[in-house]
Amino acid sequence: MKQTAVEWLYQRILAKDIKAVFEQAKEMEKEQIKDAYWSSYKEGQYSGDKTADEYYNQTYKNTEQ
């Protein structure tokens, strides 16, 4: 069964490697956002001309720490 990023994060926090866990969780969330973007694009719900990477970077790049 596939885990959500939050479930994965919770399990890793228990392992106490917080910095590495946080970076991995951010990357997982990025992939989930890109997957959702492509799903909406394939279903015809989005008709923009950006790639998933371009969408992510434009939308979320300034909020990363």
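This is a predicted model: local features need pLDDT of at least 70, side-chain atom pairs count only at pLDDT 80 or more; totals for chains, interfaces and linings use all residues.
The secondary structure consists of three helices and zero strands, so that the order of elements, read from the N terminus, is α-α-α. When contacts in the protein between residues at least 6 apart in sequence are considered, 16% of them join residues at least 24 apart.

## Packing of α2 against α3

Helix α2, which spans residues 18-42, packs against helix α3, which spans residues 52-60, at an angle of about 120 degrees, and the axes of the two helices are 9 Å apart. Because angles over 145 degrees would count as roughly antiparallel and those from 65 to 115 as roughly perpendicular, the arrangement of α2 and α3 is classed as oblique. The crossing in which α2 passes α3 is right-handed.

On the α2 side, the residues that meet α3 are K30, I33, K34, Y37 and W38, while on the α3 side the residues that meet α2 are A52, D53, Y55, Y56 and Y60.

## K34 in the contact between the helices

K34 lies in helix α2 and belongs to the set of α2 residues that meet α3. With residues up to four places away in sequence left out of account, K34 touches A52, D53 and Y56, each of which is listed among the α3 residues that meet α2. The relative accessible area of K34 is 13%, and because buried means under 20%, K34 is classed as buried.

## The aromatic pair Y37 and W38

A pair of aromatic rings is described by the distance of the centres and the angle of the planes. The count of such pairs in this model comes to one. The ring centres of Y37 and W38 lie 5.4 Å apart and the ring planes stand at 80 degrees, so the pair is edge-to-face, given that planes over 60 degrees apart are placed in that class.

Notes
Residues are numbered from 1 along each chain as its sequence is written. Side-chain values use heavy atoms; hydrogens and water are left out. Rings of Phe, Tyr and Trp (its six-membered ring) pair if their centres lie within 6.5 Å; planes under 30 degrees apart count as stacked, over 60 as edge-to-face and the rest as tilted. Helices (H or I, at least four residues) and strands (E, at least two) are DSSP runs, numbered from the N terminus. Contact means heavy atoms within 4.5 Å. Axes are lines fitted to C-alpha atoms, for helices over the stretch in contact, and angles run from 0 to 180 degrees between N-to-C directions. Angles under 35 degrees count as roughly parallel, over 145 as roughly antiparallel, 65 to 115 as roughly perpendicular and the rest as oblique. A crossing is left-handed if the near helix is turned anticlockwise from the far one by less than a right angle, and right-handed if clockwise. Buried means under 20% relative accessible area, exposed over 50%, partly exposed in between (1.4 Å probe, protein chains only).
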